[in-house]
Amino acid sequence: ELKDVAVFERHVAALSDLVAASMKRPVVWVTPPPYPGHADRVRAFAAAIRRVADARHIPVADLYTTFSGLRADVRPFVRGQDMVLSKEGQNLAAQMIARTLLQE
């Protein structure tokens, strides 16, 4: 479990450089969604992904921001298992990733 955001950000940067240098396919970063009970902790990691991706001009499917802005009646997580996306959450994540890839 990563607890240090700075170490995480360095890993994201190194991985971004490796992937950009070795892949000929479109690449997107996906920020983690704001898991219930962990939203504040996840925010720092989502921001780290965003900073690295922006610096390297890699598109980002920003699930953190998207899920944070959902209406109260939308249930993106399975009840009682706050780290698991519901079917609705999975569909929304897939749509966001697909849109991000299509923009590329």
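This is a predicted model: local features need pLDDT of at least 70, side-chain atom pairs count only at pLDDT 80 or more; totals for chains, interfaces and linings use all residues.
A residue counts as buried when its relative accessible area is under 20%, and as exposed when that area is over 50%.

Helix α1 runs over residues 5-22, which makes 18 residues. From first C-alpha to last, α1 reaches 26 Å, close to the 26 Å expected at 1.5 Å a residue. At the start of the helix, a side-chain oxygen of Asp4 comes to within 2.9 Å of the backbone nitrogen of Ala6.

So which residues of α1 are buried? They are Phe8, Val12, Ala13 and Ser16. Looking down the axis of α1, you'd find its buried residues within an arc of 140°, so they line one face of the helix. Turned away from that buried side are the exposed residues Arg10, Leu18 and Ala21.

What covers the buried residues? The cover includes β1 (29-31) and α2 (39-56). Here's how α1 and α2 sit together:

| Feature of the α1 and α2 pair | Value |
|---|---|
| Packing angle | about 35° |
| Distance between axes | 9 Å |

The crossing of α1 past α2 is right-handed. Among the α1 residues that take part in the meeting are Phe8, Val12 and Ser16, while the α2 side includes Phe45, Val52 and Arg56.

Let's zoom in on Ser16, which sits in helix α1. Ser16 counts as buried because its relative accessibility is 4%, and the cut-off is under 20%. A polar atom of its side chain lies 2.8 Å from the backbone oxygen of Val12. Leaving aside neighbours within four places in sequence, Ser16 touches Trp29, Val52, Arg56 and Ile58.

Note on methods. Residues are numbered from 1 along each chain as its sequence is written. Side-chain values use heavy atoms; hydrogens and water are left out. Helices (H or I, at least four residues) and strands (E, at least two) are DSSP runs, numbered from the N terminus. The expected span of a helix is 1.5 Å times one less than its number of residues. Buried means under 20% relative accessible area, exposed over 50%, partly exposed in between (1.4 Å probe, protein chains only). The arc is that of the directions from the helix axis to the C-beta atoms. Contact means heavy atoms within 4.5 Å. A polar contact is a pair of N or O atoms within 3.5 Å; within protein, one must be able to donate a hydrogen and the other to accept it, and residues adjacent in sequence count only if both atoms are side-chain atoms. Axes are lines fitted to C-alpha atoms, for helices over the stretch in contact, and angles run from 0 to 180 degrees between N-to-C directions. A crossing is left-handed if the near helix is turned anticlockwise from the far one by less than a right angle, and right-handed if clockwise.
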